[in-house]
Amino acid sequence: MPLPHVNAATSKLSPSRPLSTEQTALLQEVLSFCSDHLDDQSALLVIEGAAGTGKSVVLNAIFNTIQTRARSRNPADPLSGTRNALLVNHPEMLKLYRNIAAKIPALKKADFERPTTFINRLHKSDSHADIVLVDEAHLLLTRPDRYNHFKQQNHLEEILELARVVIIVFDPLQVLKFKSHWSTTMLDEFRKGHPTKTLHLTTQFRVGSGPAVRHWLDALAEGQILPCPLDPKFDLRIYDDCAQLYEDLQTRNREVGLCRLLSTYDYPYRLDGEDHFIKEGRFRLRWDRSKPDEKLPWAERPDTIDEVGSVYTIQGFDLNYAGVILGPSLSYDAATDSIRVDPSRYEDSAAFQGRDGIAAPEKAKERVILNALNVLLTRGMNGLYLYAHDPALRKRLLNSRIDIQND
């Protein structure tokens, strides 16, 4: 039987978890930056790193250290008495942070907010913050969003005006919507005119494979199909039958827990209270259901082994084993021996709303879909089970394993 405390994201993201040498050095640099710029306005520190490099882990450790010192009442400490917050524009991650805060003396649930809530609250009270940390900053809005009650132009711009020091975690390969259409070039514009520093995390902590498999996954997330390596450390399987994939994943889940099935957003889904199903041959399973009142994030709820998760419910989370369905928006292009991306088959219409100001919107749509694929492919720590809707792509992926085994 799996041990719940081992699989719990609250344990993995806890600020009491030991940090690596790289993470510890980064934490110290961030604290020095905060102390050096508390008398400034709008100092910006950017932490960059690919999926699985421990960005959220180190950010929560940084925030715990800052809040411990802020609440220490030590007049000799420049951080004592500071007003600070950690923001994340991801409801599942916000649940996780608040669950952790309930167990950590220096943290309070109120320390964690959605960006729009924070911005509107401070504008209403005409107040400012000292240090603001932003996880998943690539999800910050870059245009007004009436649905989410954001009337200004850009989340980051507003946060910089409301804080002395802003620390953000950023990965341009995880941008998923036009209304949060970030790029490194756009972020560079915010670095101008502000005291700024950029730090990097490079060590991969999630995908437990060797570099050859990680290279194969990186290439696949860009639409390239390379010879697929065998790796005894990582269980990478490609399936011709989605139902068999799901059966194997259920077996794994009974053995070790924290195994979930995911899919690209290529099957109809509506927030109408009804169940919506993904069907592939003899496989049939419902999409994840919106349950905002649930305390646990989607990835940790035991019942979600009976659902198919989307990029929105799994981004930021680890799984022991991930099953991933490559849906109809991804097919095989024999002329280029690569994946063809078809945005017209992508069912997440909200992802493409607000195209004003976006150069080459069709290319931008393809980028969003590939970014979502990148997020899905990098969830599994111990294994990844793949199935493709398109028969030609499915055959090509299966042959990629055969080719290298015959070499």
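**Note on salt bridges, sheets and surface charge**

1. The side chains of Arg237 and Asp235 form a salt bridge, with N and O 3.0 Å apart. A salt bridge here is a side-chain nitrogen of Lys or Arg within 4 Å of a carboxyl oxygen of Asp or Glu. Arg237 is partly exposed at 28% relative accessibility. Asp235 is buried at 18%. The cut-offs are under 20% relative accessible area for buried, over 50% for exposed, and partly exposed in between (1.4 Å probe, protein chains only).

2. Ground rules. This is a predicted model, where local features need pLDDT of at least 70, side-chain atom pairs count only at pLDDT 80 or more, and totals for chains, interfaces and linings use all residues. Residues are numbered from 1 along each chain as its sequence is written, and side-chain values use heavy atoms, with hydrogens and water left out.

3. Asp235, Arg237, Asp248, Arg252 and Glu255 are linked in a network of salt bridges. Arg252 sits in helix H10 (residues 242-256). Helices (H or I, at least four residues) and strands (E, at least two) are DSSP runs, numbered from the N terminus. Arg252 is partly exposed, with a relative accessible area of 21%. From Arg252 to Pro292 the C-alpha distance is 27 Å, at a sequence separation of 40 residues.

4. Arg237 also has a place in strand pairing. Its bridge partner in S15 is Tyr385. Strand S7 (residues 235-239) and S15 run parallel and are joined by five bridges. Two strands count as paired if DSSP finds at least two bridges between them.

5. S15 has another partner. Strand S12 (residues 319-326) pairs with S15 in the parallel sense, over seven bridges. Leu319 stands opposite Gly380 there. Strand S15 (residues 380-388) is mostly covered, with eight of its nine residues buried.

6. Next, the open sheet. Six strands form it, in the order S3-S2-S4-S5-S1-S6, with parallel pairing. S3 and strand S6 (196-200) are the edges: each has a single partner strand, so one side of each lacks a neighbour in the sheet. Strand S2 (residues 84-88) runs parallel to S3, and two bridges join them. Leu87 is opposite Glu113 in S3. Strands of a sheet pair through backbone hydrogen bonds, either parallel or antiparallel.

7. The antiparallel case is a hairpin. Strand S13 (residues 330-333) and strand S14 (residues 338-341) run antiparallel, joined by four bridges. Asp333 faces Ser338 in S14. Four residues lie between S13 and S14, and Asp337 in the turn has a positive phi of about 50°.

8. What is the count of salt bridges in the structure? It holds 27. Side chains of opposite charge can pair when their charged atoms come close.

9. The side chains of Lys197 and Glu29 meet at 3.1 Å, N to O. Lys197 lies in strand S6 and Glu29 in helix H3 (residues 21-37), so the pair ties together parts that are 168 residues apart in sequence. Lys197 is partly exposed, with a relative accessible area of 33%. Glu29 is also partly exposed, at 33% relative accessibility.

10. Another salt bridge lies within a helix. Lys365 pairs with Glu362, the closest N and O atoms being 3.3 Å apart. The two are three residues apart in helix H12 (residues 361-377), so about one helical turn separates them. Lys365 is buried, with a relative accessible area of 15%. Glu362 is partly exposed at 41% relative accessibility.

11. Surface charge. Arg98, Lys103, Lys109 and Lys295 form a positive surface patch. Patch residues have over 30% relative accessible area and no salt bridge; like charges are joined within 9 Å, and nonpolar side chains (Val, Leu, Ile, Met, Phe, Trp, Tyr) within 5 Å. Lys and Arg count as positive and Asp and Glu as negative, while His and the chain ends are not counted. A charge is placed at NZ of Lys, CZ of Arg, CG of Asp or CD of Glu. Areas come from the Shrake-Rupley method with a 1.4 Å probe; for residues, only the protein chains shown count as cover.

12. Lys109 is partly exposed, with a relative accessible area of 44%.

13. Last, Arg214. This residue is in helix H9 (residues 211-220). Arg214 is partly exposed, with a relative accessible area of 27%.
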